Amino acid sequence: MGGAVAAMPTIGAVLLDYEIEGILGIGGMAAVYRVRHPRLPRHFALKLLLPQSSSDPAYLERFRQEADILAKLRHPHLVEVIDWNVTATGQPFLVMELLEGCDLKQALESGPFTPQETLWVLAQLARALDRAHQAQVIHRDLKPQNLFLSRRKDGGLLLKVLDFGVAKLMDSQAQTDPGQLLGTPHYMAPEQVRTDGVPIGPGTDQVAFAMLAHRMLSGREYWSMQPVNNIIAILATEGVQHPPSRRGTRLGDRRSSTDGAAVVRPSHRTDQPLVLLQGRLPLDDFHLGRGFSPGGRRSVCASLAKTQK
């Protein structure tokens with residue numbers, strides 16, 4: 001019934017003062033546009049819930065929750081939310097800072113990261129996760145596509161964590177139906193699959209943190225030899241048997257500093273990812289991307305000429 005009424009906007013359309021100049025990407029739940037505001041001298045990214053998602057109460061709740069979470073957290077390594085509203089046809093949208101650069105998946109297309117590059121990413125990701133966990137927020141869908149290497153004005157890079165669309169508030173059970181899988185299997189923790197009462201918590205993101213370290217250092221995903229159904233079955237029964245760093249011993253000295261992070265028992269994990277890196281690098285030098293900056297990745301991001309999805 002609402003096909004024409006809830007049609008997706010075209011270039012030049014105006015959504016409550018935001019003029020659409022281009023499309024940045026379309027996902028399963030939302031589309032992201034490049035927009036400008038007539039009274040503000042900058043461009044923004046506008047994330048608009050798709051018509052089919054706008055009629056689903058669960059999607060609407062997650063969308064509103066993402067806006068609330070990002071507005072509340074406010075951290076240099078989290079994408080900034082400027083505004084949110086609802087169109088005349090009932091589609092909610094978020095207005096966010098416009099990021100220029102490339103995501104981690106695209107940066108990895110040029111090959112594995114060096115240990116220094118990996119630590120550069122992990123240090124900034126750890127800071128973002130520590131901030132989220134202190135606010136009782138679990139991302140639970142960390143993956144290369146949701147980590148963005150944003151170009152700064154001085155030419156350096158700054159890591160930004162994107163997409164809190166399936167995030168979980170630790171004091172809430174409302175957004176997950178029993179048996180519903182939320183996340184990306186290659187980066188999931190066992191408790192995201194199992195129904196044995198182990199809660200989703202900071203350790204859930206810590207598993208993805210370790211899997212990301214393995215992906216950057218080895219150039220391959222931990223479960224790269226397994227189809228998705230097998231990954232889910234293994235997580236539901238055996239779980240992760242070996243930390244990613246132990247599995248990557250063939251890399252010689254290019255080993256993850258997150259040994260033990262992805263063990264099956266959540267009691268063996270730490271609540272703060274930043275703790276995993278302490279004593280292994282001068283973390284203060286990595287604040288806001290200062291200190292080491294992966295120059296080779298700058299050229300990769302520049303050549304892609306792509307903005308946030």
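**Exercise 1. Which residue just after α5 takes a positive phi, and of about what value?**

Solution. The model is a predicted one, in which local features need pLDDT of at least 70 and side-chain atom pairs count only at pLDDT 80 or more, while totals for chains, interfaces and linings use all residues. Residues are numbered from 1 along each chain as its sequence is written, and side-chain values use heavy atoms, with hydrogens and water left out. Begin with the helix itself: α5 covers residues 202-218, where helices are DSSP runs of H or I with at least four residues, strands are runs of E with at least two, and both are numbered from the N terminus. Then step past its end, where G219 has a positive phi of about 85°.

**Exercise 2. Compare the span of α5 with the expected one, and state how far the helix is enclosed.**

Solution. From first C-alpha to last, the 17 residues of α5 reach 25 Å, which is close to the 24 Å expected at 1.5 Å a residue; the expected span is 1.5 Å times one less than the number of residues. Next, take burial, for which buried means under 20% relative accessible area, exposed over 50%, and partly exposed in between, with a 1.4 Å probe and protein chains only. Since 17 of the 17 residues of α5 are buried, the helix is largely enclosed by the rest of the structure.

**Exercise 3. Place I200 in the chain, and list its contacts beyond its sequence neighbours.**

Solution. I200 belongs to the loop between β11 (168-169) and α5, and with a relative accessible area of 16% I200 is buried. Leaving aside neighbours within four places in sequence, the contacts of I200 (heavy atoms within 4.5 Å) are with I138, R140, K168, M170, E191 and Q192.

**Exercise 4. Describe the backbone and the exposure of L16 and D17.**

Solution. Consider L16 to begin with, a residue other than glycine whose phi is positive, near 45°; L16 sits in the loop between β1 (14-15) and β2 and is partly exposed, with a relative accessible area of 44%.

**Exercise 5. Characterise the largest pocket by volume, lining and residue class.**

Solution. A pocket is, on a 1 Å grid over the protein atoms alone, an open set of points where a 1.4 Å probe fits, with protein on both sides within 12 Å along at least five of seven lines, and lining residues have an atom within 4 Å of a point. The largest pocket has a volume of about 630 Å³, a volume being the space filled by probe spheres set on the points. Among its 26 lining residues, G27, G28, K47, N146 and D163 are the closest to the centre. Two or more lining residues come from each of β2 (18-26), β3 (30-37) and α2 (57-73), and α2 provides the largest share, three residues. Finally, sort the lining by class: 10 residues are nonpolar, nine polar and seven charged, where Ala, Val, Leu, Ile, Met, Phe, Trp, Tyr, Cys and Pro count as nonpolar, Asp, Glu, Lys and Arg as charged, and the others, Gly among them, as polar.
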